[in-house]
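Student: Could we walk through this model together, one question at a time?
Tutor: Gladly; have a look at the sequence and the structure first.

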Amino acid sequence: VRSPWGNKISVEIPRGLVSGQVFQVQDPKAAKAPEAPAQPVAPDAGGDAFGGACRVLVKQATIVTGPCGARPEYRISVPYPDGREGPAFLYAREESRPCARACFGPRRPLTLKVHQGSKVDGPVVQSMVKPFSFMWCCCLRPSFTVFGPGDAPDRVGHIVDSKCLCRLRHDVRNASGEPIFATEGSVCQAGLWWPCCFDAVFPVQRGGQEVATISKRASTCAEMCAKTHQMTIDFRQVSDPSEKMMLLASTLLLDLEYFEFQN
């Protein structure tokens, strides 16, 4: 017989098999399937919603909500070794008015809530509030106020887009208003202008040194048609749970500002 991988293999029918019974045959030359993450991701005792993961995949999908527009949802997972999306352990969904989504696009005010698990019925571990903003104006710059599980009393930090002519930049501050790092990227990089062909990379800088990386993968034709795409966060030297939450918030703000508009 010929396997699904196109290899010819010899099969010996097991004794005692009767007509209609099914048995499995393994192709020894087939490509080995990538292994799943070693352990399921769950919040640890230190309050890390990412369960100590050093790299996560954020997949955005657009959910049609009716004639007044669509809203994005995000599934956060630890990717497989080949880069494919793994089982989601966090789920984020937007809360906003349909008329705002239809009329204001990326300028709209909204709230993003991140739920533990793969569905919206899980407990909220993080939320982000974005007021109305202008993309290309020095006033009302896009921003996120980030909260933990306790909502308003549990403020984690604040992010504001301080884009200049040649650089995209997020200034990220903690709950006390102190700068903790900055997310930057060139406006000339190919991934912003040809998202179906090139990755877009945003190094995360602290004290002049790169400590983490946010990247948006090149979209396939299928992803472009389905209005979906994937972003990756490499935490690297960022291990503090609150700082990881701010990195996720910076990633989602980048998506809302630049990649949702393109798609």
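What follows is a set of questions and answers on the fold, the core, the charged pairs and the rings.

Student: Before we start, which pLDDT do local features need here?
Tutor: Residues are numbered from 1 along each chain as its sequence is written, and side-chain values use heavy atoms, with hydrogens and water left out. This is a predicted model in which totals for chains, interfaces and linings use all residues, side-chain atom pairs count only at pLDDT 80 or more, and local features need pLDDT of at least 70.

Student: How many helices and strands are in the protein chain?
Tutor: Helices (H or I, at least four residues) and strands (E, at least two) are taken as DSSP runs, numbered from the N terminus. On that basis the protein chain has four helices and 12 strands.

Student: What share of the residues in the protein chain is buried?
Tutor: Buried means under 20% relative accessible area, exposed over 50%, and partly exposed in between, with a 1.4 Å probe and protein chains only. The protein chain has 263 residues, and the buried share of them is 43%.

Student: Is I214 buried or exposed?
Tutor: I214 sits in strand β11 (residues 209-216). Contact means heavy atoms within 4.5 Å, and, leaving aside neighbours within four places in sequence, I214 is in contact with residues including F202, M231, T232 and L247. T232 is 18 residues from I214 in sequence, and their C-alpha atoms are 5.8 Å apart. At 0% relative accessibility, I214 counts as buried.

Student: Is E184 buried or exposed?
Tutor: E184 forms a salt bridge with R167, the closest N and O atoms being 3.5 Å apart. E184 also forms one with R169, with the closest N and O atoms 2.2 Å apart. E184 lies in strand β9 and R169 in strand β8, so this pair ties together parts that are 15 residues apart in sequence. With a relative accessible area of 17%, E184 is buried.

Student: How many salt bridges does the structure hold?
Tutor: Some are joined up: K59, E73, R75 and E85 are linked in a network of salt bridges. For the structure, the number is 14.

Student: What is the angle between the planes of F132 and F134?
Tutor: Rings of Phe, Tyr and Trp (its six-membered ring) pair if their centres lie within 6.5 Å; planes under 30 degrees apart count as stacked, over 60 as edge-to-face and the rest as tilted. A search of the whole structure finds five aromatic pairs. F132 and F134 form an edge-to-face pair, 5.3 Å centre to centre, and the angle between the planes is 85°.

Student: Which residue lies over the face of F235?
Tutor: F235 forms one aromatic cluster with F50 and F89. A charge sits over a ring if NZ of Lys or CZ of Arg is within 6 Å of the ring centre and within 35 degrees of the ring normal. At 4.9 Å from the ring centre of F235, the residue over its face is K244.

Student: Where is R236, the residue with a phi near 50°?
Tutor: That phi is a positive value in a residue other than glycine. R236 is partly exposed, with a relative accessible area of 47%. Its place is in the loop between β12 and α4.

Conventions: Salt bridge = Lys/Arg side-chain N within 4 Å of Asp/Glu carboxyl O.
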